Amino acid sequence: MDDLHKGIDFRIADKTFSQERQAVASIDPSICINCGKCRRICPTEAIDEFQRVICRLCPDCAEGPEMFPVQSEQYAHEHACSIACPLGTVPEGYVNLIAQEKFIEAYELISELNPLPAVCGRICHHPCEDECKRGTLIDKTVNIRGLKRFVTDNVKPIIAPFKQKLDKKIAIIGAGPAGIMAAFDLLKKGYKVTVFEAGPKSGGMMRLCIPDFRLDKEILQSEIKTLEDAGMDIRYNAKIGSKPSINDLFKDKYSAVLIAVGASKGMALPIEGAEAEKVYNAVSLMSRINAKIPVEIGRKAVVIGGGSVALDTARTLLRAGTEEATCVCIEDSNSIPAWDWEIEEAKKEGVEFVTSSCPTSILTEWVTVKGVEFKKVKEINCDEYGRLKPIVEDGTGFTIKADTVVFATGQKPDLTLLAKGADLNLNAAGMLDYDKETLMTEREGLFIAGDVTTAKGSVIDSLASGRKAALMIDNMLMGRELKDRTEHTLKTADAKEKIFPARLEKLSPQIMPEIKDRNGFDEIEIGFSEKQAVLEAKRCLKCGYENVDSSKCIGCGVCLTICPVDAIMLNKVQEGGC
Amino acid sequence: MLIMNKIIERDVIVVGAGPGGSTCAAYLAREGVDVLLMDKETFPRDKTCGDSQAEVTMEHVKELGAYEEVKKAGYCNKGFLLTSPDYSKAYLDAPGERYTTPRRIFDNIMKNTAIRCGAEMIEDCWVYDVIKEDGQVKGVKAKYQGEYIEFRSKIVIGADGSHSMVAKAIGIFPDNPVCTGAGLRCYYENVPMEKYLEIHFDQNVLPGYIWVFPSGNREGVANVGIGINLDVYDSKTLKEYIDIFIETSPYGKRLKDARQISEWKGWRLPTGPQAGENYDAGVMLIGDAGSMILPLTGEGIGPATETAKMAADTALDALKANDFSAEFLKAYADKRHDTYDIKYKSIMTLDDVFRNPQNINGIVKRYNLDPIFKEEVLKQMFFAHSKK
């Protein structure tokens, strides 16, 4: 500690201060669980996340690829669960708290950044797991999502009531993931927030489109109720459009308005026969099935599309009585848009796949569907709004017999009335133009988030978009430019912290229990037992830890008070330290 | 009863039952010390290695009464056969009796020797930390039979190999790329060989080298491997080097007609010059755990058994004096420095020389022409390893 000076210049929110400091913090890497709390709270950004190098010299000590020493070092700071989550969650923190059997602390850590942990514990597409170094370099990824679910299944939710500290009002239109996330962050900052939901229930596409066998809607309901009990004001059946309009909201002294209405309009392709009976779009079909409203379906269904919604629809149809369900997509078999694990699950349940095929017409007898005609796709082009334009090959036509057809070819937001009520025009794609950095539309104070933007459409991405919108709204209202502290870069740890696979405790991956009977709508995954969860959590390699840059630390000690494992110490700065 | 209240107490705990750990435990047990030898694997088990038991190793093997077993299981070799980048040969006839025994068999013999000498042995016991109280190591923390248990002792000997947990736990784990190598090895059968341990300084493999050692009691079984320093390991993989050797070298070609009988396995090879002080209060590191591999030749079993004996002697003195302080255990480090420091110095000079193909060509040429030079080289290579 010979580089510690008493005097220090530091910057907070673009202002420079000078101060005499009494102490400097340090973190014990052997205790630190890399939850990221100190890094996020540090006022001078003095804390960085370091990632340990994993030795992959030999072909046999792990299943992952061999690497030269230099490659390993580079890999260390380019890949980590902690930079994969769009929401900024650092899984290592709660995974290691689970390993230490501190389940309540794990819940607190998860719910600090995520208002819907039980939902994400079930349906998140877990980008963190794709980056898990245990998975890419050693054997099999840690089941992070399963561990998150375990915590939310076993700890009673606890959220401190939101306290209003500021008199500014913010309106959020839409109680889907983006809207709820933005409301959560803005409420925590102390704003008065009102969420306007057009329907009788909240959750947006999570409620409408995600089937019950993946997410029991009771879980969604109870998570939202917890938020409402803590003070989140959600007004139901309150459609904002022409009356009241966005203009009315601004007139009503809302300082900012966020449009987070999602893309809830299912699209059908303009092909012959699309008006026949038993031809549906996925959103309307799924929302009816999810609401337990009877729908007429036949014995042989073709689902057009290869995304997550298409696969969920096909699996739902099989449960609802269809004998055969085929997903047909324009992409080739190596680039089906759904996640690999979704495709695997769907195949396991009997969903058939036909790839590189574009529907040209629905064959009907009067209004009864008889089949769908397809042509093989030669190549796929993309227009300026990201819409796909497949080019088909002549003479490659073929027919798939079917009596039910579902279009799962994407969803669109319906913004006509909203835009009109805000004196804005929609662009050629029917969307609102906006600044990609600030998420603000051309109208001052009007922001958009979630599927209304051109961002990726998964739940976690929508949540992240809501978080960004909240930050941007706060920055605008406060007249400052705070950075998103959940985004960060990694540094490579010192050689002495290197992880050798040969040293690891021998632990096999825990197998997630699943239900056997897949004919009903019960959730497929049952969830880990406590014993399983602890064993699975112990598989975490603990690649990351936080480290204090002593040249930036002002010795305020805030990090000490929030560390869940007491890994941080304050070291006194000696008088006249060199 | 072995386990009481999840705490086990012994005079000395030896972590790791490789040649170093077993030798150390055997010497201690023979003197009546209450010693517990533990290993994370179940024996017999393989270890990536050249399998060579040099003269120094054989001295301990004999002393501990394992000679007949090793003689039966091993291959008695005459010394080294070096080949230069221009494919010339030099035969280095070694004094004394030297064997090559597959580690799967040799380590099991040594483990059983330790047990025969009176050491208690537990397998499948994974050590993950040391118990440290007031700066003094007082045992180890381990997972045994699915339980997390504390094993307490007056002295801990870290013999847990190149990824040593004990070394890491006490903060003496050097990982300097210049002094650390990567090795890869497999077994072939039906390989025509002379009775020498072949070391090929192949032009396509330098600064690494390839070894072909006759190993075990079946004629024609070769232990084939490659070692390279990490500071120059950045373009071809070890396996790629081997493939090139088999394709291009006159000494590699015979492997095409031979049959590969095991998987390629790798290992980390920490060499001596980077070793720090391999001891602390209540703990000593031996063998690979203490980075004791000889540079250049890559010999690890010899230094492991030698440091095992040194550590055992120091431990016996410490038990007699009932003093387990770092000051007392420094005697171990002193013995080690006396034996090895000069050796490292001369080997490191050679190591530099051997990174240049012309030098090796020249040395091999002169070795074959100049009898005085030949004698000097042999002295350096072998007599330096034996006791002074």
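Predicted model: local features only at pLDDT ≥ 70, side-chain atom pairs only at ≥ 80, totals over all residues.
## Helix H4 of chain B

H4 itself covers residues 103-116 of chain B. With 14 residues at 1.5 Å a residue, this helix should span 20 Å, and the 19 Å between its end C-alpha atoms therefore agrees with expectation.

Which residues of H4(B) are buried? They are Arg103(B), Ile105(B), Phe106(B), Asp107(B), Ile109(B), Met110(B), Lys111(B), Thr113(B) and Ala114(B). Their packing partners in chain B include helix H1 (19-30) and helix H3 (67-73), and strands E2 (35-38), E3 (52-53) and E6 (120-122) also take part.

## Where the chains meet

Turning to the interface, 19 residues of chain B are in contact with 16 residues of chain A. On the chain A side, 10 of the residues are nonpolar and six are charged, with no polar ones.

## Domains of chain A

Chain A is assigned three stretches of architecture: domain 1 (7-157 + 489-572), domain 2 (169-264 + 413-478) and domain 3 (267-410).

## A hairpin in chain A

Strands E14 (residues 357-365) and E15 (residues 368-382) of chain A run antiparallel and pair over eight bridges. Within this pairing, Ser357(A) stands opposite Lys376(A) of E15(A).

The two strands form a hairpin, with two residues between them. In that turn, Trp366(A) has a positive phi of about 60°.

Conventions:
Residues numbered from 1 in each chain as written. Chains lettered and ligands numbered in written order. Contact = placed C-beta atoms within 7 Å. Nonpolar A, V, L, I, M, F, W, Y, C, P; charged D, E, K, R; others polar. Domains from an automatic or database assignment. Pairing = 2+ DSSP bridges. Helix = DSSP H or I, 4+ residues; strand = E, 2+ residues; numbered from the N terminus. Expected span 1.5 Å × (residues − 1). Buried ≥ 20, exposed ≤ 12 C-beta atoms within 10 Å, placed from the backbone.
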